[in-house]
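User: I'm new to this structure and would like to learn how to read it. Could you walk me through it step by step?

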Amino acid sequence: MHQVVISGTGLFTPPYSISNEELVTAFNAYVELFNADNAAAIEAGEVAALQPSSAEFIEKASGIKARYVLNKEGILDPKRMRPYLAERNNDDVAILAEMGVEACKQALERAGRTVADVDGVIVACSNLQRAYPAVSIEVQAALGIEGFAYDMNVACSSATFGLQAAINSVQLGQARSVLVVSPEICTAHLNFCDRDSHFIFGDAATAVLVERADMATSKHQFDVLGSKLKTHFSNNIRNNFGFLNRCADGDPLAADKLFVQQGRKVFKDVCPMAAELISGHLAQNHLAASDVKRFWLHQANLSMNQLIARKVLGRDPEGDEAPVILDEYANTSSAGSIIAFHKYQDDLPTGSLGVICSFGAGYSIGSVIVRKR
């Protein structure tokens, strides 16, 4: 059994940002158009009138102030309300793979490694743009990596589930190092016409290099002390888009083919589950919450993160104990906790303990305990 380290991280940030104010302007324009087009049905009680939103409501509900996106124009067009991402030729690199490759290059550079040092690629994200060939194999080919690659999906927990798979491969000697890549185009499955959720997601891609400790040379190494996963079935976060849609007589563009959640139920269910998993995982490794210098939590909702940290610590988190990036990036699904880890690690002194934790649809929760070298 080999000792394992995380030796490098990478982040691809899209070129465009949408503020709450910009998003609300577009949404409210859509509301006006919808209500005008359906005025007779609304008057007859056959259709419910849509209600406008506000930037203040969004920030209070989520802590989100802005989000990065791959396409801004389509989202802000009240007659479209979705990004425009042109379909690419099969011989051109797919957009999900392209994002992942950029994040991988950063992770390799930070780790002081080349593609010749990597034996595997795991693309772990919420929404894969196709069923096959695997996006991970395309990333592998684009980078020129020998070895293996596969895709996996555990919704917002995909990155930590992917990390455990990579850790296991390296521990067992099946690979010297593995890249875990989480490219998320969340705006493509977000219903920008829904007042309760249109502000939640942004786009981004992350990459993490997991490798044998005895081979690592990076200045940014973290020992992996343990990983723990948990799943519990729930319909409270759901997306019904899939290949069987074409076999049914329903509307293939219906709202349930996009992201749908019952937010209050999710909050009530997931917060105690995540806190219990983290606390139990620390206890299994003979560690106390007070030993942990930083919690890199899934970036879904500011109130969720604050409550989970409070439950684990027994007090409110201080300073950067549980750093937040969702104010700038919004919810980027599986990439969120890794973005926080990527941006808030260099200031930690040697020996500092940290927990990377993601949680979301499934329900699914993943925890990885690390210690800075």
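Analyst: Happy to! Keep in mind that this is a predicted model. Let's begin with the length of a helix: at 1.5 Å a residue, the 18 residues of α1 should span 26 Å, and its end C-alpha atoms lie 25 Å apart, which agrees.

User: What is the largest nonpolar core, and which elements give to it?

Analyst: In soluble globular proteins, nonpolar side chains tend to be buried together. Here the largest such core has 50 residues, and Ile 278, Leu 282, Phe 295, Ile 308, Val 355 and Phe 359 are those with the most contacts inside it. Two or more residues come from each of α1, α7 (263-284), β11 (292-297), α8 (302-313), β12 (353-360) and β13 (364-372). The most come from α7, with nine residues. Apart from this core lies another, of 35 residues, including Ile 6 and Phe 341.

User: How many disulfides are there?

Analyst: The test is a pair of cysteine sulfur atoms within 2.5 Å, and the count is zero. For Cys 271, the closest cysteine sulfur is in Cys 357, 11 Å away, too far for a bond.

User: Are these cysteines buried or exposed?

Analyst: Cys 271 counts as buried because its relative accessibility is 0%. Cys 357 is also at 0%, so it counts as buried.

Terms used. Residues numbered from 1 in each chain as written. Predicted model: local features only at pLDDT ≥ 70, side-chain atom pairs only at ≥ 80, totals over all residues. Heavy atoms only, no water. Core = buried A, V, L, I, M, F, W, Y, C linked by side-chain atoms within 4.5 Å. Buried < 20%, exposed > 50% of the residue type's maximum accessible area, 1.4 Å probe, protein only. Helix = DSSP H or I, 4+ residues; strand = E, 2+ residues; numbered from the N terminus. Expected span 1.5 Å × (residues − 1).
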